[in-house]
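Welcome, and please open your viewer. We will take a short walk past some ring-bearing side chains, selecting a few at a time.

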Amino acid sequence: MPEPPPTTHTRPPRDSLTGGEALVRALAAHGVTQAFGIPGTHNLEIYRHLAAHRIDHINPRHEQGAGYAADAYARVSGRPGVAITTTGPALLNIAAAVGQAYSDSVPLLVVSPGMPLRHPRQSTGLLHEMRSQTEALRGVAAISHRVSSVEEIGVAVARAFTLFRTRRPRPVHIEVPLDLLTAVEPAGPARTAPPLSLTTADPDALSAAAEALRSAARPAIVLGGGARGAAAECLRLAVELGAPVVTSANGKGIVAETHPLSLGVSLHSRAVRHWLAERDVVLAVGTELAESDLWEPLPTLGGTLVRADIDPAQMYAGPPADIPLVGDARHTLRSLLAARPGAAEAHLDAHRAVAALRNERNAETRSEDAHLLPYLAAIRSVLPANTVLTSDSAQCCYYGAIPHLPVAPEGRYLHPTGFGTLGYALPAAIGAKAADPTRPVVALSGDGGLQFSVQELATAVQLRLPLPVVVFDNGGYGEIRDEMVSRGDHPTAVDLPPVDLPALARAYGGHGVRADSPEALAEALRRALDTAGPTLITVPEEQSR
């Protein structure tokens with residue numbers, strides 16, 4: 001058979017660009033330097049221009065992994081994460097990651113081709129054809145925007161970055177019809193999101209909040225992920241008020257979990273929920289107070305609820321705010337502190353109460369969690385304070401590391417809350433390492449969740465990332481197994497045949513070991529942090545119990 005003619009590319013006139021270059025130019029204009037994705041037949045015109053605009057690219061082995069990596073990149077870097085997919089199945093593959101980013105308020109931008117502008121409604125069997133990509137993504141993203149001209153591409157990207165900067169950050173999908181990707185049209189100037197000043201809460205509401213806190217005898221502070229940019233203000237406010245601090249999983253580490261006023265991630269504790277219900281004033285910053293954080297509906301609060309959030313809808317979503325503070329967390333808390341809601345002094349009574357409540361919290365699950373505690377202590381003993389820990393929806397994480405592995409503000413703990421996807425930890429660790437190669441990164445997972453994205457070991461090998469992946473292996477889906485047993489059901493489809501996961505890591509070109517004791521885990525972690533390529537460390541169930 002004769003060879004096909006070589007592909008040619010004619011440079012468009014200076015005032016015109018292809019849609020692919022217009023898209024990449026718009027991303028670069030907004031400071032994007034890193035993208036994640038997998039090239040496909042329909043998105044090659046995007047890939048053609050990445051290098052010229054100095055955008056690096058990491059190619060995970062599955063689009064879901066690309067989404068989780070971009071998500072973690074955004075959480076660690078503070079800049080939006082960008083993922084590139086092709087049409088149809090590739091876009092649907094990333095949909096779970098988009099849903100997770102929506103749940104956790106992560107600025108994730110997914111760009112993809114779509115069917116041609118004049119593609120008929122009636123199916124024609126075009127490659128990767130589906131009824132509506134935008135309708136599918138609107139179900140999980142904040143916006144799914146299909147452009148209709150090359151010039152509109154820059155507008156769509158600027159719109160996405162404006163949303164990321166000024167509203168509760170949530171994922172955006174931009175679809176460029178595949179004929180526009182190669183079409184040469186006037187692109188207009190490189191548009192960028194306008195600089196906007198961050199908002200602070202209404203002065204009257206701030207005065208009311210300050211007075212409520214000033215007169216509180218039993219105050220409490222609840223922090224979610226939306227308070228992350230106001231860590232210093234949160235701590236100062238807690239100290240001035242003598243207010244114990246409890247966080248959601250996304251708020252983990254905003255106030256050092258070893259601080260005498262910190263209850264850590266404890267909203268799921270019966271003792272802490274009962275204590276919270278008895279507070280006369282509760283200040284909730286950047287949190288939904290969601291059932292996924294409390295593991296059951298929030299108890300009725302007996303006192304005044306002050307909610308500070310950039311999202312006005314949070315003022316009446318879930319428990320409604322008695323005093324609503326709508327605005328950026330840092331600016332709002334600075335204004336609140338300026339109103340002198342408390343006096344700076346030692347609060348030994350509060351410190352003693354927090355210590356007692358911590359003990360009560362720990363006693364609730366001591367028999368269930370005890371087997372994990374020595375291993376978590378071993379992990380903490382090895383890792384520097386600025387380590388990024390990525391987490392999966394696994395028992396070792398939500399029963400173990402989230403409540404029992406302390407994190408300081410200089411560190412991070414990334415967990416898929418709310419939407420609760422599996423397979424997050426490993427690709428998220430790759431994204432976190434891309435965001436800051438100088439910081440240690442460790443992935444924590446169970447054996448069931450790991451196998452949703454275990455192929456990303458190949459990505460970590462390719463990048464030669466020094467990446468420990470700690471897997472607590474309980475032989476399947478341990479949480480669902482336990483739920484079946486508690487219902488009196490016979491466990492069905494939850495026990496997985498054993499897999500030699502360290503050998504699998506070695507087959508990918510990485511490293512793999514088994515840690516039969518906390519001491520062995522600590523030693524394996526030390527080595528893994530100084531070894532190029534991923535090291536998968538399994539803690540077998542029979543050893544951790």
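Start by selecting Lys252 and Tyr413: Lys252 lies over the face of Tyr413, at 5.5 Å from the ring centre. A charge counts as sitting over a ring if NZ of Lys or CZ of Arg is within 6 Å of the ring centre and within 35 degrees of the ring normal.

Before moving on, a note on the model: it is predicted, so local features need pLDDT of at least 70 and side-chain atom pairs count only at pLDDT 80 or more, while totals for chains, interfaces and linings use all residues. Residues are numbered from 1 along each chain as its sequence is written, and side-chain values use heavy atoms, leaving out hydrogens and water.

Next, select Arg170 and Tyr102. The charged end of Arg170 sits over the Tyr102 ring, 3.8 Å from its centre.

Now for rings that meet rings. Rings of Phe, Tyr and Trp (its six-membered ring) pair if their centres lie within 6.5 Å; planes under 30 degrees apart count as stacked, over 60 as edge-to-face and the rest as tilted. By this rule there are 5 aromatic pairs.

Select Tyr68 and Tyr424. Their ring centres are 5.5 Å apart and their planes stand at 65°, so this pair is edge-to-face. Tyr68 is buried (under 20% relative accessible area; exposed is over 50%, partly exposed in between, with a 1.4 Å probe and protein chains only), at 1%. Tyr424 is buried too, at 0% relative accessibility.

Finish with Tyr375 and Phe472: with centres 6.1 Å apart and planes at 85°, this pair is edge-to-face. Both Tyr375 and Phe472 are buried.
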